[in-house]
Amino acid sequence: MMYLNSPYLWGGRSPFGIDCSGLSQMVYRLNGIDLPRDAYQQAKMGKKIKFHEIMPGDLIFFKNESNKVNHVGISLESNHIIHASGKVRIDIVNKIGILSTDNNLISHKYHSAITIK
């Protein structure tokens, strides 16, 4: 949560500016787990899980129009996700994607999820 409201900065990995994969990488690093830098690389780690199996701390990935992973967030309780999009924020996640709490629109389309234990 120390990154909450930090501004988005492509390639950033600090509370002064961070991107989505930098956020997941740093949070996991603080918990003793090394992840690759980019979301598409992180999606190849751990064990793939189904949407209904997602637990707090699991990584959830999102796709672009070409079905390629281009965004990642960390699952929280009660179908919420923390991710970096404009800033580090908490939104709702469902099988379709991320539902922005600002405008109730899907901002990112769901691709997959993994657990790393």
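This is a predicted model: local features need pLDDT of at least 70, side-chain atom pairs count only at pLDDT 80 or more; totals for chains, interfaces and linings use all residues.
Biologist: Which residue does D19 pair with?
Modeller: D19 forms a salt bridge with R37, and their closest N and O atoms are 3.1 Å apart. This pair links distant parts of the chain, 18 residues apart: D19 is in the loop between β2 (17-18) and α1 (20-30), and R37 is in the loop between α1 and α2 (39-42). These labels follow DSSP runs numbered from the N terminus, with helices (H or I) of at least four residues and strands (E) of at least two.

Biologist: Is D19 buried or exposed?
Modeller: D19 is buried, with a relative accessible area of 5%. Buried means under 20% relative accessible area, exposed means over 50%, and partly exposed lies in between (1.4 Å probe, protein chains only).

Biologist: And what about R29 and D34?
Modeller: Their side chains meet in a salt bridge at 3.9 Å, N to O. R29 counts as partly exposed at 37% relative accessibility, whereas D34 counts as exposed at 58%.

Biologist: Where does R89 come in?
Modeller: The side chains of R89 and D91 meet in a salt bridge at 2.6 Å, N to O. D91 counts as buried at 1% relative accessibility, and R89 counts as buried at 12%. Salt bridges that share partners join R89, D91 and D102 into one network.

Biologist: New topic: which residues have the most contacts inside the largest nonpolar core?
Modeller: They are L59, F61 and V88, in a core of 19 residues. A nonpolar core is a set of buried Ala, Val, Leu, Ile, Met, Phe, Trp, Tyr and Cys residues joined through side-chain atoms within 4.5 Å.

Biologist: Which element gives the most to this core?
Modeller: The helix α1 does, with 4 residues. In α1, 8 of the 11 residues are buried, so this helix is largely enclosed by the rest of the structure. Its buried residues include L23, M26 and Y28.

Biologist: What is V88 in contact with?
Modeller: Leaving aside neighbours within four places in sequence, V88 is in contact with residues including Y3, L4, I18, L23 and I82. Contact means heavy atoms within 4.5 Å.

Biologist: How does β4 pair with β5?
Modeller: The two strands pair in the antiparallel sense over 5 bridges; strands pair if DSSP finds at least two bridges between them. L59 stands opposite I74 in β5. The strands β4 and β5 form a hairpin with 5 residues between them, and N67 in the turn has a positive phi of about 65°.

Biologist: Which residue in β9 does F61 stand opposite?
Modeller: F61 stands opposite S112 in β9. The strands β4 and β9 (residues 106-115) run antiparallel and are joined by 5 bridges. In β4, 4 of the 5 residues are buried, so this strand is largely enclosed by the rest of the structure.

Conventions:
Residues are numbered from 1 along each chain as its sequence is written. Side-chain values use heavy atoms; hydrogens and water are left out. A salt bridge is a side-chain nitrogen of Lys or Arg within 4 Å of a carboxyl oxygen of Asp or Glu.
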